[in-house]
Amino acid sequence: EGVSWELERGTGQDVFEDHGIGCLPSTVFKTYDEAIAFLNKNPEKRYVSKPTGDADKALSYVSKSSQDMMFMLEHWKRKLTKKVPFLFQEFTPGIEMAVGGWMGRNGFLSHFLENFEFKKLMPGEVGVNTGEMGTAMRYVTAEESLLARTVLLPLEAALIRIGYTGYIDVAVIIDKKGNPWPLEFTSRPGWPLFQIQQALHPDPCQWMLDSLNGQDTFKPFDDIAIGVVVAMPDFPYSRMTRKDVTGFPVWGISAKNRFNVHPCEMMLGEGPCLENGKIKTKPMLVTAGDYVLVVTGTAPTVCGAKDDAYATLGQLEIPNSPIYRIDIGCRLEKQIPELQSLGYATSWEW
């Protein structure tokens, strides 16, 4: 049932409303023609499109204007083979932030993960939406997290009732008045969020087992963590066959940095290595797809975690034009003070 909160966006919105958490008005469409007719009646407004159910993920789109959305609707109608439904929400300016928690048998564990995603392919939030090119995160207590108290803890009883265990996350837009408008659930580990979380987790086996037995032994590290996705062409479209993006060496992983390097689509293979003035073919880690790895860094501050992550990334070498953003975390220099003036992200420091 918790999965339907994420996949069926209308169901998720109902869950929020049923627990006193206000949502932005939304309109669900079963056909592109319905959405086109709706947009023709509301040409002055700007909308965000979200897929629901088994609809194509390409339907997730933040338009710049009604004419932009109209073009995309007509484009989807011509090109997409997957069926709708999807929904429109009126665009609301603000700062996107999320908070997640681990549900044990008896409820949420002690710490909640405040996090900020960087979704677009290119620096400055330019380019195609990849889902996530990197994330900044920090574990905090409920007392330290206004967002957790507002949009996550009110759902605890319902999650216990349906027997939900594991990670669940709520993304919101916080407007200028400080209202957190829920956008969506993530009722599973996110990618690369889960890899980045490992930089803040003690050995997960014991505390995860304990949580299923009704005990809370979760004591995450209190640093800020930043993770950067490292990919290769033709990411994010992934239209090449697996053999076209497999076998590219990843040099530079060492005993000193290996805990900051999280393999995703990688495998053991062979590659040329310079050793004692000669190039030799040796066993090594190579790519096994275009979503290669995630690099993490940790520190008490966002700036320090960012520098730590990019220092490790600079030690790696990958052929074939690796793809990654160079600004993960940077926009928080401006956003953290704005959020703190509204009572959010109080434990964060740039």
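**Entry 1: burial, and a ring pair**

I count a residue as buried when its relative accessible area is under 20%. Y139 has 3% relative accessibility, so it counts as buried. I note here that the model I am reading is predicted.

I looked at F218 next. Its relative accessible area is 2%, so F218 is buried as well. The rings of Y139 and F218 have their centres 5.2 Å apart. Their planes stand at 85 degrees, so I log the pair as edge-to-face. Where do Y139 and F218 lie? Y139 is in strand β7, and F218 is in the loop between α8 (204-212) and β10 (224-231). The pair therefore ties together parts that are 79 residues apart in sequence.

I searched the whole structure for aromatic pairs and got 21. One of them joins W5 and F185. Their ring centres are 5.2 Å apart and their planes meet at 50 degrees, so this pair is tilted. It links distant parts of the chain. W5 belongs to helix α1 (residues 2-7) and F185 to strand β9 (residues 180-186), 180 residues apart. Buried or exposed, I asked of W5? W5 has 5% relative accessibility, so it counts as buried. F185 has 2%, so F185 counts as buried too.

I also found a cluster linked by ring pairs. Its members are F29, Y32, F38, Y47, Y61, W76, F86 and F88.

Then I looked for charges over rings. R46 lies over the face of F91, 3.6 Å from the ring centre. The charged end of R331 sits over the ring of F118, at 3.9 Å from its centre.

**Entry 2: a four-stranded sheet**

I traced an open sheet of four strands. The order is β1-β4-β2-β3, and the pairing is antiparallel. Which strands stand at the edges? They are β1 (26-29) and β3 (61-62). Each has a single partner strand, so one side of each is left without a neighbour in the sheet.

I followed the bridges next. Four of them join β1 to β4 (residues 86-90). In this stretch, S26 has Q89 of β4 as its bridge partner. Five bridges join β2 (residues 47-51) to β4. Here P51 is partnered with F86 of β4.

How many of the five residues of β4 are buried? I found four, so β4 is largely enclosed by the rest of the structure.

I took helix α10 (residues 332-340) first. Its buried residues are L332, Q335, I336 and L339. Seen down the axis of α10, they fall within an arc of 105 degrees, so they line one face of the helix. An α-helix has 3.6 residues a turn, so residues three or four places apart point the same way. What do the buried residues of α10 pack against? I listed β5 (95-104), β6 (107-122), β7 (126-141), β8 (166-174) and α9 (302-313).

Helix α8 came next. W207, D210 and S211 are buried in it. They cover an arc of only 100 degrees around the axis, which puts them on the same side of α8. The buried residues of α8 pack against β5 and β6.

**Entry 3: nonpolar cores**

I turned to the largest nonpolar core, which has 55 residues. L293 and W348 touch the most other members. Which element gives the most to this core? It is α9, with five residues.

I listed the contacts of L293, leaving aside its neighbours within four places in sequence. They are V228, V229, V230, V250, V261, H262, P263, C264, M266, L316 and I318.

Another core lies apart from the largest one. It has 19 residues, among them W102, L113, M137 and V229.

**Entry 4: an exposed loop residue**

Last, I checked E143. E143 is in the loop between β7 and α5 (146-151). Buried or exposed? Its relative accessible area is 67%; exposed means over 50%, so E143 is exposed. I also took the separation of E143 and G166, which are 23 residues apart along the chain. Their C-alpha atoms are separated by 21 Å.

Key:
Residues are numbered from 1 along each chain as its sequence is written. This is a predicted model: local features need pLDDT of at least 70, side-chain atom pairs count only at pLDDT 80 or more; totals for chains, interfaces and linings use all residues. Side-chain values use heavy atoms; hydrogens and water are left out. Two strands pair if DSSP finds at least two bridges between them. Helices (H or I, at least four residues) and strands (E, at least two) are DSSP runs, numbered from the N terminus. Buried means under 20% relative accessible area, exposed over 50%, partly exposed in between (1.4 Å probe, protein chains only). The arc is that of the directions from the helix axis to the C-beta atoms. Contact means heavy atoms within 4.5 Å. Rings of Phe, Tyr and Trp (its six-membered ring) pair if their centres lie within 6.5 Å; planes under 30 degrees apart count as stacked, over 60 as edge-to-face and the rest as tilted. A charge sits over a ring if NZ of Lys or CZ of Arg is within 6 Å of the ring centre and within 35 degrees of the ring normal. A nonpolar core is a set of buried Ala, Val, Leu, Ile, Met, Phe, Trp, Tyr and Cys residues joined through side-chain atoms within 4.5 Å.
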